[in-house]
Amino acid sequence: MSIKKVTHIDNVKLREDGQAVVILDQSKLPGLAEYIELENREQMYDAIAKLRVRGAPAIGICAAYCMYVLAAREDSCGDFMKKLREEGEYLKSSRPTAVNLAWAVDRMIDKAESMSDEADEKVLDALRNEAVAIHEEDMAMCRRISEFGLSVIKEGDGILTHCNAGPLATSRYGTALGPILLAKEQGISLRVFADETRPLLQGARLTAYELDAAGVDVTLICDNMVSSVMQKGWIQACFVGCDRVAANGDTANKIGTSGVAILAKHYGIPFYVLGPTSTIDLDCRTGADIPIELRDPEEIKKMFFCEPSSPESVKCYNPAFDVTDHRLITGIITEKGIAYPPFEESLKNMK
Ligand code: MRU
């Protein structure tokens, strides 16, 4: 796969007839690149909940297109807005942590509401345009985030990343992987260490796949090897994505991120969070206000193993995300620039 294809991966789109959302099924990668079509609300919910489409910005983009498809199906004689709101609440309940999902759904509902006096066709046109705008804005934001991210690293640096915040998780370039892919395009060489990211292996399956395909020097490590590679002096910066950033800078991201941040602090390595301003939720005062998704224990015990990896009866705790304390974060890199502590002030100004 060429670098161009990797930075411009077609992971979410509207089917030409506007009756379905087409997504690249990320749960099958890297073994199989299969596109699936989401035609009804159950398929849409399932695709988000089962991580067929994943990564906070990509979930938001997908949800916006889903809202358009669902709106186009509504009987205009009925209570259109009431039904649209119900569809929106249903989609939002598929995953609670990434604020981009609720943000995109609410933006679509606000658009429909603002046009309540217009003819049906006009409202649908506006909703389609709004979904396309959310998608295109994300492409531009990822590019800006990549540029700001690139400004804090230099040729030869070792970068550690957790989970997957690349083109698959967004639209183009990605957030945490954006500066790395941009560096590659500009002939700047970096060494990347990708955590495998238990239990769903987004780092191994998706980050390693994207970076390897782009020709980036990437080394896959198990999550418990982070301290070891930091201790050896191989890491000069950590770049991670985010699912929700609270007003004080506390950041929810894939489970395991906060541990990476604690280790980075110990070894004196800068720890950067990269994401669009749509991921900043000023309504959450601190990380304690961020809802953390709990997932099926089977993901720990059975997925990706030929045989179950532990006794059937054993209890599991499987949170999908954790919160990194703002005091561990060097900077939050957005499309508007880099927010530094005190985050309460810098994030407010940025929003
Ligand atoms: O459960 P996932 O795979 O959706 O978790 C994804 C992450 O934690 C990403 O780092 C985050 O959504 C940012 S993607 C640009």
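**Close-up views of a predicted model**

Helix α7 (residues 178-185) has 6 of its 8 residues buried, so it is largely enclosed by the rest of the structure. This is a predicted model, in which local features need pLDDT of at least 70, side-chain atom pairs count only at pLDDT 80 or more, and totals for chains, interfaces and linings use all residues. Residues are numbered from 1 along each chain as its sequence is written, and side-chain values use heavy atoms, with hydrogens and water left out.

**View 1. Helix α7 and its buried residues.** Gly178, Pro179, Ile180, Leu181, Leu182 and Ala183 are the buried residues in α7. Buried means under 20% relative accessible area, exposed over 50%, and partly exposed in between (1.4 Å probe, protein chains only). Just after α7, Gly187 has a positive phi of about 80 degrees. Helices (H or I, at least four residues) and strands (E, at least two) are DSSP runs, numbered from the N terminus.

**View 2. Helix α3 against helix α6.** The axes of α3 (residues 56-73) and α6 (residues 120-150) come within 9 Å and cross at roughly 170 degrees. That makes α3 roughly antiparallel to α6 (an angle over 145 degrees). Axes are lines fitted to C-alpha atoms, for helices over the stretch in contact, and angles run from 0 to 180 degrees between N-to-C directions. Residues of α3 that meet α6 include Ile61, Tyr65 and Tyr68. Their partners in α6 include Leu124, Leu127 and His135.

**View 3. The largest nonpolar core.** This core has 38 residues, and Val21 and Leu127 have the most contacts inside it. A nonpolar core is a set of buried Ala, Val, Leu, Ile, Met, Phe, Trp, Tyr and Cys residues joined through side-chain atoms within 4.5 Å. Helix α3 gives the largest share, 13 residues. Leaving aside neighbours within four places in sequence, Leu127 is in contact (heavy atoms within 4.5 Å) with residues including Tyr68, Phe80 and Met108.

**View 4. Phe193 and Trp234, a stacked pair.** The ring centres lie 5.8 Å apart, with 20 degrees between the planes. Rings of Phe, Tyr and Trp (its six-membered ring) pair if their centres lie within 6.5 Å; planes under 30 degrees apart count as stacked, over 60 as edge-to-face and the rest as tilted. Phe193 sits in strand β5 (residues 191-195), and Trp234 in the loop between α9 (226-231) and β7 (237-240). Phe193 is buried at 6% relative accessibility. Trp234 is partly exposed at 37%.

Key: Parallel < 35°, antiparallel > 145°, perpendicular 65-115°, else oblique.
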